[in-house]
Amino acid sequence: MSGYSDSDKKEDMQVLHSMGYAQELERRMSRFSNFAVSFSIICILSGGINSLAQATAGAGGAAIGIGWPIGCFVSLVFAIAMAQISSAYPTAGGLYHWGSILGNRFTGWLTAWFNLLGLVTVLGAINVGTYYFFMGAFGSHLGLVDSTVVRVIFLVIITGLQALVNHMGIGLTAKLTDFSGYLIFATSIILALVCLASADAFNIGRLFTFSNFSGEAGGNVWPAYSGTWVFLLGLLLPIYTITGYDASAHTSEETLKAAESVPRAMVSSVLWSALFGYIMLCSFVLMIPTTVTGADGVATDGMAAAAAQGWNVFFWAMDTQVNSTLKIVLYIAIFISQWLCGLATVTSVSRMIFAFSRDGGLPASRALSKVSPSYRTPVAAIWTGSILSVLFVWGSSLVTIGDTPVYTIVVSCTVIFLFFSFAIPITLGLLAWGTSRWNKMGPWNLGEGVFKLFAVLTILAMILIFVLGIMPPNRPALYVTVGFLVLTAIVWFGFEQRRFKGPPIGDEVAKRKAAIAAAERAVGEV
C-alpha cells in the first residue's frame with residue numbers, strides 16, 4: 001500500500017506481538033479510514049437530528065448556540081485523554097486492554113463489560129433512530145404505521161445488511177465508511193445552506209437567547225424544570241451525539257501505523273463533528289420561522305412553536321420552510337448516512353467482542369474470537385453483536401416500568417455506560433503514569449502535565465454526565481445502573497474472579513510466541 005512499507009508493517013506487528021497477540025485481522029485501514037469509522041459513528045446527521053428536541057424543547061436557541069460547544073468540549077476531554085493511551089497500546093478492544101494493563105484483571109473486565117453493554121445498546125439505539133427518521137421522512141408515503149412488529153422487521157433488515165458488509169471484510173467496510181465521512185461532511189453543509197436559504201431572517205441573537213420550554217411548552221420532552229437545569233439537560237444532545245470515537249481504538253489492529261493514526265483520528269473525529277454539527281444546528285435554529293400563525297389566527301413566536309413540536313421539531317421545520325423536492329433529496333442522504341453510522345458501529349461492537357473473547361472474557365469465547373481466513377474478520381463476533389442489538393430492542397420494547405418502556409430507560413443508561421468505560425482506564429492512567437504499569441509512551445504524547453489535566457477533567461465530566469443521565473424523565477436509569485453494578489459484582493466475585501485471567505502480561509507474552517505464529521499462519525498472514 002502507498003506510504004506503508006514492509007518496515008512499517010513489521011513495526012505494527014511487533015507492537016501487537018509485544019502485547020501477546022497475533023496479527024489475525026487484516027491491516028487495510030488508512031489514517032483517514034480510521035478517522036472515518038469514528039466520524040461515521042458520531043454521525044451528526046444521526047444523533048444531531050434525532051435528539052434535536054433535547055435542545056429545542058429545553059433551553060431553546062441557547063441550548064445550541066452555547067450548549068453545543070460546551071457539550072462537545074466534554075466529549076473532547078475524554079477523546080484527548082484516550083488518545084494518549086491508545087498511542088501506547090494500539091490493540092482491538094483498546095479500552096479493555098487499557099483497563100487491564102493500567103489497573104488489573106478486575107478493572108479490565110469491568111471496563112469491557114460496561115463498554116460492551118454500551119456498544120450493543122447504542123447500536124440498537126442508532127438503528128431505532130434510523131427507523132424513526134425513515135418513518136418520519138417516508139413512512140406516510142409508503143403507508144407504514146409504527147408498531148413493534150414493523151420496527152423489529154426494519155431493524156432485522158438494516159442490521160443484517162450492516163453485519164453482512166462487515167462479514168465480507170474490512171476492505172469493503174473501510175471503503176463505505178470513507179464514503180460515509182465525505183457524505184456526512186457534504187450533507188451537513190448542504191443542509192446548513194438550505195436552512196439558511198429558507199430562513200425568514202437571520203436573527204443571530206436567537207442562538208444566545210435562553211428560554212425554558214420544559215413541561216407542556218416543549219411537548220413534555222423534559223418535565224418542568226428551572227432554566228438552569230433545562231440548559232444543563234440540553235448538554236445531553238452534544239454529549240450523546242459526540243460519542244463512539246472509541247471505534248478508532250477498536251480498529252487499531254486493522255489500521256496502518258496505528259500508534260500514530262489512531263490517536264489523531266480519535267481527536268480529529270470529535271473536532272470535525274463538533275464544528276460541522278455546530279454549523280448545521282445553528283443554521284437549523286435560524287431557519288425556524290420568526291412567527292407562526294395558528295388556525296385561530298393568533299401569531300406565536302417561532303421558537304415557542306418549534307418547542308411545542310417536541311420530538312417532531314426537525315420534520316415540522318423542514319415541512320414548514322423547505323422545498324418538498326429538495327427536502328426529499330436531503331432525507332435520502334441523511335438516511336444513508338444514518339445506515340452507515342450503524343455499519344461503523346457494528347465494526348466497533350464486533351472488535352470489542354473479538355478482543356474480549358480472545359482472552360476468554362465471554363461465554364463461547366473460542367467461537368467469538370475466531371477470525372475467518374477468507375475475509376479476515378471476526379465473523380461470529382459480528383453476527384452476535386448485531387443479533388444482540390436487535391434482541392435488545394425487541395425485548396425491551398415489550399416491557400414497561402410504570403408508563404416508560406424499558407428500552408427508553410436502558411438507552412438513557414447507554415451514555416453512562418459508555419463514558420464510564422472511557423473514564424475507568426483514563427483514571428487508571430492518571431494513577432499509573434510513570435510507574436512500571438505505564439512507563440513507555442507512544443509517539444502521540446501530550447506530556448505528563450497535559451494528560452493529567454485532561455484526566456482530572458474526565459473525572460469531573462463523568463460526574464456531570466452521570467447526574468444529567470439520571471434526571472427525570474430518566475430517573476429509572478439510576479436504578480438500572482446500580483442494578484447492573486450489583487449484578488457485575490455478583491458475576492465477578494461468584495465466577496470470573498477465579499476463571500478470568502485477563503490479557504497476557506509479563507512472562508505470559510513470551511509463552512505465546514508459538515501460538516501467535518500458528519494463528520497468523522492459519523489466516524494467511526505473512
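Tutor: Keep in mind that this is a predicted model. A search of the whole structure turns up one cavity of 30 Å³ or more.

Student: Which residues line the largest cavity?

Tutor: A residue belongs to the lining if it has an atom within 4 Å of a cavity point. Here the lining consists of Gly 48, Ile 49, Leu 52, Leu 191, Cys 195, Met 280, Leu 281, Phe 284 and Phe 314. Two or more residues each come from helix 2 (31–50), helix 9 (170–198) and helix 13.

Student: Which element gives the most to that lining?

Tutor: Helix 13 does, with three residues.

Student: How do the lining residues divide into nonpolar, polar and charged?

Tutor: Eight are nonpolar, one is polar and none is charged. Gly counts as polar in this scheme.

Student: Now a single residue. Where does Ser 269 lie?

Tutor: Ser 269 sits in helix 13, which covers residues 258–287.

Student: Is Ser 269 buried or exposed?

Tutor: Buried means under 20% relative accessible area. Ser 269 has 0% relative accessibility, so it counts as buried.

Student: What does the side chain of Ser 269 reach?

Tutor: The backbone oxygen of Met 266, at 2.8 Å. A polar contact requires a pair of N or O atoms within 3.5 Å.

Student: Which residues is Ser 269 in contact with, leaving aside neighbours within four places in sequence?

Tutor: Phe 35, Ser 38, Phe 39, Ile 42 and Tyr 245.

Note on methods: Residues numbered from 1 in each chain as written. Predicted model: local features only at pLDDT ≥ 70, side-chain atom pairs only at ≥ 80, totals over all residues. Heavy atoms only, no water. Helix = DSSP H or I, 4+ residues; strand = E, 2+ residues; numbered from the N terminus. Buried < 20%, exposed > 50% of the residue type's maximum accessible area, 1.4 Å probe, protein only. Polar contact = N/O pair within 3.5 Å; in protein donor to acceptor, adjacent residues only side chain to side chain. Contact = heavy atoms within 4.5 Å. 1 Å grid on protein atoms, 1.4 Å probe; cavity = no way out; pocket = protein on both sides within 12 Å on 5 of 7 lines; lining within 4 Å. Points joined across faces, edges and corners; volume = space filled by probe spheres on them.
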